Amino acid sequence: MNPQDIIYQPVPVKSFVIVGKDKISSAEQYLIGLLLTYKHLYAFIDKQLMMKSQIVRDLAVELQKIGCPMRAVEATEEAKTMDSVLDMCSWLMEKGADRDAVLVAIGGGITTDMVGFAAGIYKRGVRYVNVPSTLLAQVDAALGGKSGVNFEKYKNMLGVIRQPSITFIWPSLLTTLPRRDFLSGAAEMLKTFMIEDNGNYQKTADLFFDMSSEYSMEVLMNGKDEKKTWAGIMKKHMDTLCELIGAAANVKAGVVSRDPLEKEERRKLNLGHTFAHAIETLAQRDGGERFSNHDGASEIKGVTHGEAVAMGLVMAARLADRYFRKDKNDPTELEAKVSSDLWDADIPCYCPYTVEEMAETMKKDKKAEGGKIHFVLPKAVGDVKIVDLTVEEVIRLLK
Ligand SMILES: NC(=O)c1ccc[n+]([C@@H]2O[C@H](COP(=O)([O-])OP(=O)(O)OC[C@H]3O[C@@H](n4cnc5c(N)ncnc54)[C@H](O)[C@@H]3O)[C@@H](O)[C@H]2O)c1
């Protein structure tokens with residue numbers, strides 16, 4: 001056992017609660033009741049979410065009643081910086097928060113990442129609770145205790161691994177989520193089930209296919225309102241969505257509880273992410289100019305984390321086919337399956353950068369060790385292996 005193991009006190013990362021679609025008011029009461037057990041609460045709420053979500057405004061009223069100070073968070077990648085985290089810490093000091101403080105993060109992955117980081121460093125660490133409001137955060141970002149901010153134009157370069165006391169997953173919060181952000185989380189969900197399937201990968205791909213087909217039919221063919229139609233589709237599929245969000249959260253929490261500090265198994269969760277982080281970094285540098293929707297019909301600006309993950313998944317599938325099966329086809333077999341599942345769900349998955357363009361950025365990957373990167377390669381859906389490769393080997397294999 002090394003010294004790190006001795007001082008690390010794992011909190012049970014499986015402590016997340018899922019509340020189904022029919023229990024909005026009881027969910028709110030349950031959450032407040034849960035939060036009251038902690039006392040000394042300090043809430044950080046995504047500014048946009050506060051404006052868009054009645055559920056969150058109701059929650060804020062309840063938090064106000066119990067005297068919880070609240071602060072708005074600017075949830076953009078540009079604002080996901082050390083300065084923002086230090087501002088959070090200054091505010092906590094101003095409010096007199098001591099070591100008993102419990103920070104509450106209400107928002108997507110940007111909010112939970114920044115609040116988790118602030119909780120990790122404020123007075124050498126205080127507790128925090130996540131209330132994720134995006135699909136991506138409910139199945140991924142708000143679970144597992146990784147937090148961080150962007151630094152020197154690199155994604156999540158500074159951060160800590162420290163578990164939240166609880167993550168409260170409330171799928172009804174998703175009904176105000178824009179479709180593009182939903183699809184971003186959908187990519188992470190498919191990634192999760194590519195790592196551990198249990199029959200959920202195809203079920204999820206089929207659900208997203210149905211949701212996107214219904215959306216296209218109503219909006220593109222019948223000219224219905226985009227936002228209302230999408231919210232209606234989400235409500236219609238909420239039962240299946242709840243079940244699959246629970247399954248995905250379980251996979252992540254299971255992996256993390258077996259390997260909280262990412263020494264081995266947890267690395268699998270990085271499937272597609274070495275490519276994704278390079279794509280995000282390049283997109284930030286060139287202003288996201290090279291991205292357009294996969295159908296070519298509409299331009300989209302920049303790339304979201306989930307979209308970059310989708311592109312990374314396709315590249316990882318291609319790399320795996322080349323590495324394990326010497327598959328020379330273009331596209332390779334698994335690459336064709338993965339990209340068609342993403343395409344059917346309407347998730348942009350075509351990467352506009354060549355692997356040579358991504359090389360320098362990949363070399364700076366946080367997971368690079370001794371010139372090699374731990375690439376997670378899918379042999380098939382539900383079966384991934386970690387293979388150490390240099391960037392040069394990757395370039396050669398993908399040519
Ligand atoms: N810590 C981890 O393990 C981990 C894992 C994956 C991703 N991440 C990080 O998560 C971030 C992406 O997170 P995200 O996609 O959840 O997005 P986000 O926090 O950027 O939110 C996306 C957008 O949706 C808005 N929004 C959030 N919830 C809403 C709701 N319910 N209704 C309406 N609008 C809502 C936000 O204001 C924002 O504009 C990235 O910075 C990524 O690096 C972290």
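Okay, ground rules. Residues are numbered from 1 along each chain as its sequence is written. The model is predicted, and local features need pLDDT of at least 70, side-chain atom pairs count only at pLDDT 80 or more, while totals for chains, interfaces and linings use all residues.

The contact takes 28 residues from domain 1 and 33 residues from domain 2, and two residues are in contact if their C-beta atoms, placed from the backbone, lie within 7 Å. On the domain 1 side, β1 (16-18), α7 and β7 each supply at least two residues, with α7 giving the largest share, five residues. By class, that side of domain 1 has 15 nonpolar, eight polar and five charged residues. Here Ala, Val, Leu, Ile, Met, Phe, Trp, Tyr, Cys and Pro count as nonpolar, Asp, Glu, Lys and Arg as charged, and the others, Gly among them, as polar. And the element names: helices (H or I, at least four residues) and strands (E, at least two) are DSSP runs, numbered from the N terminus.

So where does the ligand lie? Both domain 1 and domain 2 give residues to the shell around the ligand, so it lies between them. The ligand is surrounded by 32 residues, and Q48, G108, G109, I110 and T134 are the closest; a residue counts as near if its C-beta atom, placed from the backbone, lies within 6 Å. At least two shell residues come from each of α3 (47-52), α6, α7 (135-141), β6, β7 (154-161) and α8 (179-195). Split by class, the shell has nine nonpolar, 14 polar and nine charged residues.

Now a helix I like, α5. Residues 82-94 make it up, 13 residues in all, reaching 18 Å from first C-alpha to last, close to the 18 Å expected at 1.5 Å a residue; the expected span is 1.5 Å times one less than the number of residues. Which residues of α5 are buried? V85, M88 and L92 are. Buried means 20 or more other C-beta atoms within 10 Å of a residue's own, exposed means 12 or fewer, and partly exposed is in between, with C-beta atoms placed from the backbone. Seen down the axis of α5, the buried residues fall within an arc of 55°, so they line one face of the helix. The arc is that of the directions from the helix axis to the C-beta atoms. They pack against β2 (41-46), α6 (109-121) and β6 (146-151). The face turned away carries the exposed D83, S90, M93 and E94. Just after α5, G96 takes a positive phi of about 75°.

Last, the loops. Between α13 (305-325) and α14 (333-344) we find P331, joined to D330 by a cis peptide bond with omega about 5°. K326 lies in that loop between α13 and α14 too, and has a positive phi of about 50° although it is not a glycine. K326 counts as exposed, with 9 C-beta neighbours inside 10 Å.

N198, in the loop between α8 and α9 (200-221), also has a positive phi, near 45°.

Terms used:
Domain bounds come from an automatic or database domain assignment.
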